[in-house]
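Here's a quick briefing to read alongside the model. Have the sequence open too, and we'll go from the overall picture down to one helix and its surroundings.

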Amino acid sequence: MSLNHIEALSDALASAKEGELSAAEFQVIVLQGLISLKESHVSLRSRLFNLEGRGFFNAGDDVPSVLKENMTLQKSSSNNGVDDNSRALAVEIRKAQDPFNFESVRLFQRVFDSECLDEERVLTFNAAVALLTKLDFKFYGDAKYPLSHYLREIVGSCATVTFPNFVQAVSISISKPIPLGYKEGFEDMDLDHNGKLDAKEVFNMMKKISDSCYSWADVEDFLESTDMDHDGKMDYAEMLKAFYFSQTISF
């Protein structure tokens, strides 16, 4: 739709609301806008649907057919993609915020992994921001600051977002921030950057955080006690469970 038609429609809406424009005259202007809009009706449908929401048309009004059609299209498109699975996920996300625990992180990991397109388990920065927005995590600091700004701070110039960075943003959005040391420590020890610590990486971790001497058997015992999904490795959620949420393991 051209700028001239948008301005004409805006003026027509004002005139119609004041009773200075008949329904027929208004319909002509709308039709002119439709004709000029060859690729998409979204903008116009949005405008017309919002009119109804503001009470411009009342029950029983003789609404021009073109308006009825476009309001119906707008209502229909607003429900696209909202299925039972989406509603169930929304409920899970709300429950996961209180209490915020190992199961919460596991849920966010499942959602994050479902958006990853390869085995590297990373998202582009824009994809991560889109996912946070989809899950209704948009702000932090009493809703004063965009969460995307915080995410950019913690990933720096990196073009991708790992799960530890993603869940860090989630935690600060719900005012239950995980200390940054956990994320940074995990990423430092994840030498092959696959999102999981194998036995060798766990062994290096244990040597770094304690002066005690550990055998390979100690490493295997520790890994077995923290490996919740039995894949022989420790992912970020499992590390948080062992060192942050329970805070019962000592070396």
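**The quick tour**

Of the 251 residues in this protein, 36% are buried. Keep in mind that this is a predicted model. The chain forms 13 helices and six strands.

**Overall build**
- Among contacts with a separation of 6 or more, 53% are between residues 24 or more positions apart.

**The main core**
- The largest nonpolar core holds 51 residues, and those with the most contacts inside it are Phe108, Phe137, Leu151, Phe166, Val202 and Met205.
- Helix H13 gives the most to this core, putting in seven residues.
- In soluble globular proteins, nonpolar side chains tend to be buried together.
- Take Phe108: beyond its neighbours within four places in sequence, it touches Ile93, Ala96, Phe100, Phe137, Phe163, Phe166, Val167 and Val170.

**A closer look at H11**
- Helix H11 runs over residues 199-209, and its buried residues are Ala199, Glu201, Val202, Met205 and Met206.
- Looking down the axis of H11, these buried residues fall within an arc of 160 degrees, so they line one face of the helix.
- Lys200 and Lys208, on the other side of H11, are exposed.
- The buried residues of H11 pack against helices H10 (180-189), H12 (216-226) and H13 (236-245), plus strands S5 (196-197) and S6 (234-235).

Technical notes
Residues numbered from 1 in each chain as written. Predicted model: local features only at pLDDT ≥ 70, side-chain atom pairs only at ≥ 80, totals over all residues. Heavy atoms only, no water. Buried < 20%, exposed > 50% of the residue type's maximum accessible area, 1.4 Å probe, protein only. Helix = DSSP H or I, 4+ residues; strand = E, 2+ residues; numbered from the N terminus. Arc of directions from axis to C-beta. Contact = heavy atoms within 4.5 Å. Core = buried A, V, L, I, M, F, W, Y, C linked by side-chain atoms within 4.5 Å.
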